[in-house]
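Okay, thanks for coming, everyone. Let me put the structure up and then walk you through it.

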Amino acid sequence: MIKTNYKKNPAFEEIEKSVGVFTITAEIKEDTETVNLFKHIPNLIAFLCTLKIGGQIIGEGRGASVLTKINKYIEKSVNFAWNASLIDAIVRSTKTLDSLYLKATS
């Protein structure tokens, strides 16, 4: 609930720009560049996540995991690397969002 004196707040315009629905696309693919770079490491799993707003790239992130005797659960290892790439992309995109300044779609 917005208080009647809330609109008198000097930060109101900036707050209004920051609220709404934001459509961010995450494209995740196998990171063959990283796998090839570390080809001396067997069973490396790597993903590259690219975040976009309206076709413009706002961040990229990488995530990797290695299957070993200790870390032998394939589904868990793949899921860890996938999640790590998404999280890394989100963290890195926060730096570029300042320059793009998000605009809500509604």
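Here's one to start with: is phenylalanine 38 buried, partly exposed or exposed? Phenylalanine 38 is partly exposed, because its relative accessible area is 35%, and the classes are buried under 20%, exposed over 50%, and partly exposed in between, with a 1.4 Å probe and protein chains only.

Quick housekeeping. This is a predicted model, so local features need pLDDT of at least 70 and side-chain atom pairs count only at pLDDT 80 or more, while totals for chains, interfaces and linings use all residues. Residues are numbered from 1 along each chain as its sequence is written, and side-chain values use heavy atoms, with hydrogens and water left out.

Now the overall layout. There are three helices and three strands, in the order α-β-α-β-β-α along the sequence. Those are DSSP runs numbered from the N terminus: helices are H or I with at least four residues, strands are E with at least two. Of the 106 residues, 22% count as buried. The accessible surface is about 8100 Å², and 59% of that belongs to carbon and sulfur atoms; the areas come from the Shrake-Rupley method with a 1.4 Å probe, and for residues only the protein chains shown count as cover.

Back to phenylalanine 38. You'll find it in the loop between helix H2 (32-37) and strand E2 (44-53). Together with Leu37 and Ile41, Phe38 makes a nonpolar surface patch of about 270 Å². Patches take residues with over 30% relative accessible area and no salt bridge, joining like charges within 9 Å and nonpolar side chains (Val, Leu, Ile, Met, Phe, Trp, Tyr) within 5 Å.

What about the inside? In soluble globular proteins, nonpolar side chains tend to be buried together. Here, the largest nonpolar core has five residues: Cys49, Leu51, Ile58, Ala89 and Leu97. E2 and H3 each supply at least two residues of this core. A core, by the way, is a set of buried Ala, Val, Leu, Ile, Met, Phe, Trp, Tyr and Cys residues joined through side-chain atoms within 4.5 Å.

Next, charges. I'm calling it a salt bridge when a side-chain nitrogen of Lys or Arg is within 4 Å of a carboxyl oxygen of Asp or Glu, and by that rule we get four. One of them pairs lysine 52 with glutamate 27, closest N and O atoms 3.5 Å apart. Lysine 52 sits in strand E2 and glutamate 27 in strand E1 (residues 25-30), so this pair ties together parts 25 residues apart in sequence.

Then there's arginine 62, which bridges to aspartate 31 at 2.7 Å between the closest N and O atoms. Arginine 62 is in strand E3 (residues 56-66) and aspartate 31 is in the loop between E1 and H2, so parts 31 residues apart in sequence get tied together. Arginine 62 also forms a salt bridge with glutamate 33, at 3.7 Å. Shared partners join Asp31, Glu33 and Arg62 into one network. How accessible are they? Aspartate 31 counts as buried at 2%, arginine 62 is partly exposed at 37%, and glutamate 33 is exposed at 59%.

Last stop: aspartate 88, in helix H3 (residues 74-100). A polar atom of the aspartate 88 side chain lies 2.8 Å from the backbone nitrogen of arginine 62. The aspartate 88 side chain also makes a polar contact with the side chain of arginine 92, at 2.9 Å. Polar contact means a pair of N or O atoms within 3.5 Å; within protein, one must be able to donate a hydrogen and the other to accept it, and residues adjacent in sequence count only if both atoms are side-chain atoms.
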